[in-house]
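Please read the points below alongside the model.

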Amino acid sequence: MTIPNISFGPFDLVAVAPYVALGLMLATVLLAVPVLTWFERVTLGLIHDRLGPNRVGPRGLLQPIADGIKLFFKEDILPSNVDRRIFYLAPAISMMPPLVAAALIPLGDFRVDMGGGQTRPLTLVAADINVGILWVLGLASLQVYGLILGGWSSNNKYSLLGALRSSAQAISYELALSLGVLMAVLMSHSMSLVQIVQSQTGGIMHWNILGLFPFGLVAAGVYAIAAVAETNRAPFDLPEAESELVAGYQTEYSSMKFAIFFMSEYAAVVIGSCVAVVLWLGGWDPIHPVLGFIPGPLWFAGKVLLLIFAFVWVRSTLPRFRYDQLMRFGWMRLLPVALVALMLAAAMSAYRTDPSAGSRIPPKPEKPKPLMGGTQSL
Amino acid sequence: MSFAVPTEHYLLLSAVLFCIGVAGVATKRNPIVVFMCIEIMLNAANLGFVALGRHFGDVGGQIYTMLIIAVAAGEVAIGLAIIVSLFRTRETIDLDEADLLKL
Amino acid sequence: MRPGVLIFWLLAVPMVACALLVITSRNPLRSALFLVAHMLLLAGMFLSLSAQYVAAVQVVVYAGAIMVLFVFVIMLLNLGGAQKMDAAGLGWALGIAMSLGLAALFVGTGVWKSGLHAGKATAKTLAQGGTAQAVGFALFDPELPWLFPFEVASIVLLMAAVGAIVLAKRKL
């Protein structure tokens, strides 16, 4: 899609694009909470065959604002005998990783009309780094600190149990998550999120979810299950299982500190869905090239919304796992399936890659002279 | 080719961190903290490897670092398992108390 | 001041401070948190050395996995309360003396700049030396000596996994 090169004062569109992308993603992640709480309640109401929010504003649209005001004006309780600094730090730490990861998500691909019949490509992304997907994995694994520290510093047995569960769960499901991501890297031959999307251009048949059939489907399934477990959403919401642990790691939190934990969960859901769309569903790529007249970012947003709906759908459908079931499922089912699928997918990829037919693997770089071997010494 | 920050700076920083790690290992009696100090020392070595790898334009420094990270991961898994089983049998993990060469 | 130098000092000073706080904190959980901060700053340092892949691995493995394991064990054994577990007077002084002696050895002999003639780095090795492709191609190149250590590392990891299970499981 070609767009004119609008100028903003001394800067043109190409210079401004990363900041536009960053602003869009940050706004999405931060505004996700009010929008998603409303969306989740309405969807849950529909699925449970009840009304859902309908008191505040038309169709309950102002309900999130009422919730926000309530949380904001509640008393901020500091329990006695808590480690105060860590208690205050924990919500902030849990909010940090999704916000940082937002900078890595690519939103769209354009061609900018530079004038004089010349165009140049422009990707709407704040930071396209060479090992982007690894950074996303690293940030996902940092998110567990917020939960652990919140639970530990509260000085409450339910909080501590919730924190222990959450850390064990996060460590266990991170492996499956990484293996799922690795299969996408295997199919796209790149770790840069932008290149992963670009390798899937050309409609639904080129998307990774159908790549290396059926291993793309398996990998996407593994990723989806592990992502639900990583974000502590039902049916894997054991760290905050209200029937067993009051509210788990956030039992002692009140007012805005509680709200920030709440925000970080939804932010993680949004980022998890964005990464899933990038890895498996072709990012901004339209479902068929014929529909290319619809701008890429709209496709991206639509796919993300679809996945968030799936999150809510799963929550309203499946009962919560028991803790030992969760662990056994993670280690004895999900991980072996992911490992075997990864091996078979690698074999299939190697079999299909024909070196003479122009593979997508970049050519081998010029080799630096080895330092080992006695000719030179350190 | 000259760098904005010369390699010597990185090596000196690495030496300082290594010495801090040594001090921690020698003065602490909580095996978990001792472990953390060993991690500081390993990280100091990693910094030296990567800095020298950049200096000589060789990827080898980075590969060394990755091997060290892998070994450190294995070492932590074993070490923490030992600490947990030590705690189970003795109710304390003070290193001065663990002097029987058995659990 | 050139931006690279500024970044170096902005990373180096907090790194040393975090390392010192790790060994001076009374509370093991505080130590662990400062160590996480130290690891993240070190990842930043690797980035400034244009080693993107190693920086990402540092965050994923060290900050994301190893330190979570540390925090997990500290919570499991509930050692969070301030327990005094430092060496007694003499041992403490001995430890500091050892560390200072080592520092004196490093500085006095100037060992950190021995053998550093001219760097062989070029703009090209700086730009491409740290990417995942470059590291991967070097790692699996049969003419370079890294393939065998890599395989050995995988065996070490397997042994560690088996050993940890044998040690920690009450009955097999």
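1. Two residues count as in contact if their C-beta atoms, placed from the backbone, lie within 7 Å. On that basis, the contact between chain B and chain C takes 59 residues from chain B and 73 residues from chain C. On the chain B side, the elements giving two or more residues are helix 1 (7–27), helix 2 and helix 3 (60–90). Helix 3 of chain B gives the most, with 21 residues. The residues of this side divide into 41 nonpolar, twelve polar and six charged. Here Ala, Val, Leu, Ile, Met, Phe, Trp, Tyr, Cys and Pro count as nonpolar, Asp, Glu, Lys and Arg as charged, and the others, Gly among them, as polar.

2. On provenance and numbering: this is a predicted model, in which local features need pLDDT of at least 70 and side-chain atom pairs count only at pLDDT 80 or more, while totals for chains, interfaces and linings use all residues. Residues are numbered from 1 along each chain as its sequence is written, and chains are lettered from A and ligands numbered from 1 in the order in which they are written.

3. Helices (H or I, at least four residues) and strands (E, at least two) are DSSP runs, numbered from the N terminus. Helix 2 of chain B (residues 31–56) has 26 residues and should span 38 Å at 1.5 Å a residue; its end C-alpha atoms are 37 Å apart, which agrees. The expected span is 1.5 Å times one less than the number of residues. Of the 26 residues in this helix, 22 are buried (20 or more other C-beta atoms within 10 Å of the residue's own; exposed means 12 or fewer, partly exposed in between; C-beta atoms are placed from the backbone). B:Gly57 follows the helix, with a positive phi near 60°.

4. Two residues of chain A deserve a look at their backbone. A:His189 is not a glycine, yet its phi is positive, about 55°; it sits in the loop between helix 6 (157–188) and helix 7 (193–198). A:His189 is partly exposed, with 16 other C-beta atoms within 10 Å. A:Asn232, also a residue other than glycine, has a positive phi near 60° and lies in the loop between helix 8 (215–230) and helix 9 (242–245). A:Asn232 counts as buried, with 24 C-beta neighbours inside 10 Å.

5. Chain C has seven helices and zero strands. Buried residues make up 37% of its 172 residues. Chain C is divided into domain 1 (1–80) and domain 2 (140–172), with bounds from an automatic or database domain assignment. The C-alpha centres of the two domains lie 25 Å apart.
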